[in-house]
Amino acid sequence: MATANLIAEITSRYSKMTKAEKKVADFILSSPQQVLNATITDLSRLCDVGEASVFRFCRTLSLKGYQDFKLSLALSTSAPETPQKKDPINISATEDCQDTASKVLQAYSLALEHAFQTIHFPSVSRVAKAMISAKSINFFGFGGSGTSAGEARNKFLKILPNIIYNEDAHIQLTQAALLGKGDLAIIFCNSGITKDCIEIAKNCHNAGAFVVFITMFPKTPAAAYSNVLLLCGANEGPLEGGSIAAKTAQLFLIDILYARVYKELGARALENKKKTSQIITEKMM
């Protein structure tokens, strides 16, 4: 069960830990912020121990597993007495609404700049070409990344007829189970470690579909099942899901991808846009 006193808990149990567990504890105590952004595979490599040792370390602390550990670490490092990384949207330090708005604007600007520096544009072009030739284009995502997947569906439906996305998690898994050769799966997963996203990538890959996995972390387990691993997003701890940086980066990528697909389609995109715009215009007063 998650706890807000993880650092103290590690210190109190340190003497009774195994040699491998102490290596994990030492790294966590020295670099807690780095650990917040690490998968269990990342942490095992950083500590030079097996993943099983990391899992046993979590159990030694009476935690259910690695995600329970990361939540506890996030709670512990967010305590008032713990020094925090510089945050441009520290609303507790703002004087009025305009000052708060200025901080939010700064956060968006920094997020866009970081996204521009991170995105691999040749990969974006490759994804755009795959979308144009695909039999069906299937978007997937949960939580904040699900919002991005929904936005991608809404945008691309204006120029392409074969776009599919459903908010329900069970329907997404069902949808993925029927994909195969000629189909395209585009999965938004900022953390890179959401179980359902990894399962979708694996099932689609094994069935012969073209898989695009959009994440911030190149060491995601989904990399083994992806035709294109597109790096985009933001470093988030368990308490920061759906942050401005992650959301802005994903929406920025969607707009870039849309622009590339529109350009590649040429006259066909313009004609489809006219048709979809006309049908909506007729519904207005």
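Is lysine 129 buried, partly exposed or exposed? Select lysine 129 in this predicted model; at 49% relative accessibility, the residue counts as partly exposed.

**First stop: lysine 129 and glutamate 264**

Glutamate 264 belongs to helix α12 (residues 244-265) and lysine 129 to helix α8 (residues 121-133), so the pair ties together parts that are 135 residues apart in sequence. Glutamate 264 is partly exposed, at 38% relative accessibility.

**Second stop: lysine 155 and aspartate 255**

Next, select lysine 155 and aspartate 255, whose side chains meet in a salt bridge of 3.2 Å from N to O. Because lysine 155 is in helix α9 (residues 143-156) and aspartate 255 is in helix α12, this pair links parts that lie 100 residues apart in sequence. Lysine 155 is partly exposed, its relative accessible area being 21%. Aspartate 255 also counts as partly exposed, at 39%.

Now display Lys129, Arg260 and Glu264 together: salt bridges that share partners join these residues into one network.

Finally, select lysine 23 and aspartate 48. Their salt bridge has its closest N and O atoms 3.9 Å apart. Lysine 23 sits in helix α2 (residues 19-30), while aspartate 48 sits in the loop between α4 (40-47) and α5 (51-60); the pair therefore ties together parts that are 25 residues apart in sequence. Lysine 23 is partly exposed, with a relative accessible area of 33%, whereas aspartate 48 counts as exposed at 61%.

Conventions:
Residues are numbered from 1 along each chain as its sequence is written. This is a predicted model: local features need pLDDT of at least 70, side-chain atom pairs count only at pLDDT 80 or more; totals for chains, interfaces and linings use all residues. Side-chain values use heavy atoms; hydrogens and water are left out. A salt bridge is a side-chain nitrogen of Lys or Arg within 4 Å of a carboxyl oxygen of Asp or Glu. Helices (H or I, at least four residues) and strands (E, at least two) are DSSP runs, numbered from the N terminus. Buried means under 20% relative accessible area, exposed over 50%, partly exposed in between (1.4 Å probe, protein chains only).
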